[in-house]
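The following exercises ask the reader to examine a structure step by step. Each task is followed by a worked solution.

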Amino acid sequence: MKTLTALAALAGALSFAAAAPAFAQAHGDHGQSHGQPAAAGAGHGHAHADFESGRFHVRVDGPEHPVGDIILIPGLSSSPEVWDGLTEQLKGRYRVHRIHVQGFAGAPAEDNATGPVAAPVAEDIARYIAEQGLNKPTVIGHSMGGTIGMMLAARHPDSVGKLMVVDMVPFMGAMFGPPGTTAESVVPMADQIHAGMTSAPEEQYRQQAAASVTGMINTESLRAGPLEDSARSDRTVSSNAFRELVVTDLRPEIGRITAPTRVLYVKFNDPRMTNEITDAIYRASFATLPGATLTRIDDSAHFIMLDQPARFAAEVNAFLE
């Protein structure tokens, strides 16, 4: 287990630490504020949910009488448009709710301007489900969105029908410390990362963010949107949210999840990391949720929905059925 944890730390140093300024997705949004009555989004064809929150606003697509509801949560510094391809496939049958976190990809920071981001967003999604009268929606979250999905399903188990986590572990902080790292012991490292993200010269910060995004998407033609998202995200919100991810250990909580759970993931982005080592890290990470189905997606970087859209859609549809 010591070897496994050490390899996890190596994987984190290469796959996660490099991603500190970004953990980004998809491409630019119009940045419309939250809380507007449902109306067609200009040039987009979707509507905005009539929901008051300073944490996020919601794009809604789908038929008048859907077979069910799906909530899609993008990652840090990301736009809902990372889910465009999946939404096109699902919106004929399902009502699709795409979360846009305030402070990311051009949206005003609002209530996310200070303090944690993921945990309060999860709480407001629980309120959104209740106020919109959604009946056990399926929740799909990528990266930080996966963390939010796990928080939501563990802390409000009756609110979630199914949960899919896309390329995220329950305790990212394990990747930043020695064997036995805990949420408490990783705080100094998280503070150091946060200080670096907030104090670096702007040009250096943006260059590092761009390099992070580039390394997370194998498909070169699809990088422009996520790069724009990262550049248009509020630096303070992204920095605070990343620190929160490092110090959040959901392993003691995920056992409370009652929804069927599927985890999609990719091999860590380093030649010293094999498929077998990656598989072992994910099995260990989700050991406290023994009912979870873990599936490795090959020939993809962090943004599985961009690098392997057909395989990703197939996995989602199989899970929904």
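**Exercise 1: Strand β4 and its neighbours**

Task: determine which residue of β4 is the bridge partner of Leu72, and how β4 is paired on either side.

Solution. In β4, Leu72 has Arg98 as its bridge partner. The model is a predicted one, in which local features need pLDDT of at least 70, side-chain atom pairs count only at pLDDT 80 or more, and totals for chains, interfaces and linings use all residues. Residues are numbered from 1 along each chain as its sequence is written, and side-chain values use heavy atoms, with hydrogens and water left out.

Step 1. Strands are DSSP runs of E with at least two residues, helices are runs of H or I with at least four residues, and both are numbered from the N terminus. Two strands pair if DSSP finds at least two bridges between them.

Step 2. Strand β3 (residues 69–73) pairs with β4 in the parallel sense over four bridges. Strand β4 (residues 95–101) also pairs with β2, in the antiparallel sense over six bridges.

Step 3. Val58 has Ile99 as its bridge partner in β4, Val60 stands opposite His97, and Asp61 is partnered by Val96.

Step 4. Six of the seven residues of β4 are buried, and the strand is thus mostly covered. Here buried means under 20% relative accessible area, exposed means over 50%, and partly exposed lies in between (1.4 Å probe, protein chains only).

**Exercise 2: Strand β2 within the sheet**

Task: explain why β2 is described as largely enclosed, and place the strand in its sheet.

Solution. Step 1. Six of the six residues of β2 (residues 56–61) are buried, so the strand is largely enclosed by the rest of the structure.

Step 1. Phe56, Val58 and Val60 point one way from β2, while His57, Arg59 and Asp61 point the other way; all are buried.

Step 2. Strand β1 (residues 47–48) pairs with β2 in the antiparallel sense over two bridges. Within this pair, His48 stands opposite Arg59.

Step 3. The open sheet has eight strands in the order β1-β2-β4-β3-β5-β6-β7-β8, with mixed pairing. Because β1 and β8 (293–296) stand at the edges, each with a single partner strand, one side of each is left without a neighbour in the sheet.

**Exercise 3: Helix α6**

Step 1. The buried residues of α6 include Tyr205, Ala209, Ser212, Val213 and Met216. Seen down the axis of α6, the buried residues fall within an arc of 95 degrees (taken from the directions from the helix axis to the C-beta atoms), so they line one face of the helix.

Step 2. Glu203 and Ala211 are exposed on the face of α6 turned away from its buried side.

Step 3. The cover over the buried residues, judged by contact (heavy atoms within 4.5 Å), includes α5 (187–199), α7 (224–231), α8 (235–247) and α10 (304–307).

**Exercise 4: Helix α7**

Task: state which residues of α7 are buried and what covers them.

Solution. Step 1. Gly225, Pro226, Asp229 and Ser230 are buried in α7. Seen down the axis of α7, its buried residues fall within an arc of 135 degrees, so they line one face of the helix.

Step 1. The cover over the buried residues of α7 includes α6 and α10.
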